[in-house]
Amino acid sequence: MVRMPYAPAHLSALDARWAAVLGRDRSSDGQFVYAVGTTGIYCRPSCPSRRPRRDHVVFFEAAGDAERAGYRACRRCRPAEPPPVDPWVDRIRRACAHLANAEARPSLSTLARHLGGSRYHLQRNFKRLVGITPREYADACRLARVKRGLRAGEAVTGALLDAGYGSASRFYERAAPKLGMPPRTYGRGGAGATIGYVMVASPLGRLLVAATPRGICSIALASSDHELESSLRAEYPAAVLAHASTGALTRWTRQVVDHLAGRLPRLDLPLDIRATSFQWQVWQALSSIPYGETRTYKEVAKTIGRPAAVRAVARACATNPVAVAIPCHRVVASDGRLAGYRWGRRRKQALIAGERRARRARAEARDRMNADEAPDSSSLRPLALDRSVPQVAHPLVPELRRRR
Ligand SMILES: [Zn+2]
């Protein structure tokens, strides 16, 4: 550590810059340069040259400031020129395409040879840009392929081999826990699985809540029970469907009804749904939109780091299996129009309006309480609006969740 005669705030800003220099942090390039008193040279933070001693370093906001102070630009990192484009972006994009389409999972060295560069740098930059390792990415892609194959009715073993697992046992080892249901039952549209469901009245019409023993697999709204039952049957054609009034399902259903009535802003339910890693990312992003607010499809696409994938985001919203538990109704078109809703546009409109009303009412109630002479803090608590939204439990791609 170096003692410096600055106020703490100033000191910490300089410490952050020094840390960026020590870490050769590319993302700090263009934000400042550092100059070395003993050599008279200035560099960008990521310069590969040997790190100078801290007490020889001076920071400048821009290259021009360093030049005016009499320093000259380093010939290695060329700090006076615009920062170079990250050469790994294109390479990693190609790596992703390759992993998504490869029959068998290629080894890291094969992939590195294919793209140019060492396996060490490939691994490191893949993680930096994608957030997960090439191996995890390949696994997520293959899982998506197995699920597509199973849906199409292929034999389980055939689907596994096509997806590059090589043997069923390797698949069970690595991926089966992420599917949510054993693949054989999953493959036949829920055969062998028992799904209990209840249908009740709600402020938005008839409501169906269905669950496996692990959690809720469907929440739907319609104008008749017949409609609800036939869409559940279409989703799980081979599952044993049973009217149920078990404790858990009844309790969850009551929570959904309370939520729809504006009495329970935070819905926290165990879910047993299946998703591609893309759907999962979108659904996670939806779950972070606060109660009573909306976002556009474009904004959600940006949130998950895929700004061009607006249509795919809309598709992921449209295939949400659990109404309100994943709040896809909080996403609207860029021009403010409501856009579609799986359970009807009018219900979407009612949900958004209802949430805004409930939120306003709570805020007003809170203001009234705060205006009281001696508010009792314990009576305030239940009225305080919980802005956080349900954390959705899901077995698929848990590494994506851990990143947050
Ligand atoms: Zn340099």
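The largest nonpolar core comprises 50 residues, and Leu208, Val209, Ile216, Ile219, Val313 and Ala325 have the most contacts inside it. The model is a predicted one. Its secondary structure amounts to 18 helices and 10 strands, and 33% of the 404 residues of the protein count as buried. Among contacts with a separation of 6 or more, 61% link residues 24 or more positions apart.

- Another core, of 16 residues, lies apart from the largest one and has Val21, Cys47, Val57 and Cys74 among its members.
- In soluble globular proteins, nonpolar side chains tend to be buried together.
- Val209, one of the residues with the most contacts inside the largest core, touches Tyr197, Val198, Ile216, Ile219, Leu249, Trp252, Thr253 and Val256, when residues up to four places away in sequence are not counted.

- Strand β6 (residues 205–212) has six of its eight residues buried, so the rest of the structure largely encloses it.
- Strand β5 (residues 194–202) pairs with β6 in the antiparallel sense over seven bridges, and a hairpin connects β5 to β6 through two residues.
- Within the pairing of β5 and β6, Ala201 has Arg206 of β6 as its bridge partner.
- Strand β7 (residues 215–222) runs antiparallel to β6 and is joined to it by seven bridges.
- The strands β6 and β7 also form a hairpin, with two residues between them; Thr212 has Gly215 of β7 as its bridge partner.

**The four-stranded sheet**

- Four strands form an open sheet in the order β3-β1-β2-β4, and the pairing is mixed.
- The edges of this sheet are β3 (57–60) and β4 (72–73), each of which pairs on one side only.
- Strand β1 (residues 33–36) and strand β2 (residues 41–43) run antiparallel and are joined by three bridges, with Val36 standing opposite Ile41 of β2.

**Packing of helices α4 and α5**

- Helix α4 (residues 108–115) packs against helix α5 (residues 119–130) at an angle of about 90°, and their axes are 8 Å apart.
- Angles of 65 to 115 degrees count as roughly perpendicular, and α4 is therefore roughly perpendicular to α5.
- Leu108, Ser109, Leu111, Ala112 and Leu115 of α4 make the contact with Arg119, Leu122 and Gln123 of α5.
- By residue class, the contact of α4 with α5 consists of five nonpolar residues, two polar and one charged.

**The loop containing Pro290**

- Pro290 is located in the loop between α13 and β9 (295–296).
- How many other C-beta atoms lie within 10 Å of Pro290? There are 17, and Pro290 is partly exposed; a residue counts as buried at 20 or more and as exposed at 12 or fewer.
- Pro290 and Pro327 are 37 residues apart along the chain, and their C-alpha atoms are separated by 9.5 Å.

Methods. Residues are numbered from 1 along each chain as its sequence is written. This is a predicted model: local features need pLDDT of at least 70, side-chain atom pairs count only at pLDDT 80 or more; totals for chains, interfaces and linings use all residues. Axes are lines fitted to C-alpha atoms, for helices over the stretch in contact, and angles run from 0 to 180 degrees between N-to-C directions. Angles under 35 degrees count as roughly parallel, over 145 as roughly antiparallel, 65 to 115 as roughly perpendicular and the rest as oblique. Two residues are in contact if their C-beta atoms, placed from the backbone, lie within 7 Å. Ala, Val, Leu, Ile, Met, Phe, Trp, Tyr, Cys and Pro count as nonpolar, Asp, Glu, Lys and Arg as charged, and the others, Gly among them, as polar. Two strands pair if DSSP finds at least two bridges between them. A nonpolar core is a set of buried Ala, Val, Leu, Ile, Met, Phe, Trp, Tyr and Cys residues joined through C-beta atoms within 7 Å.
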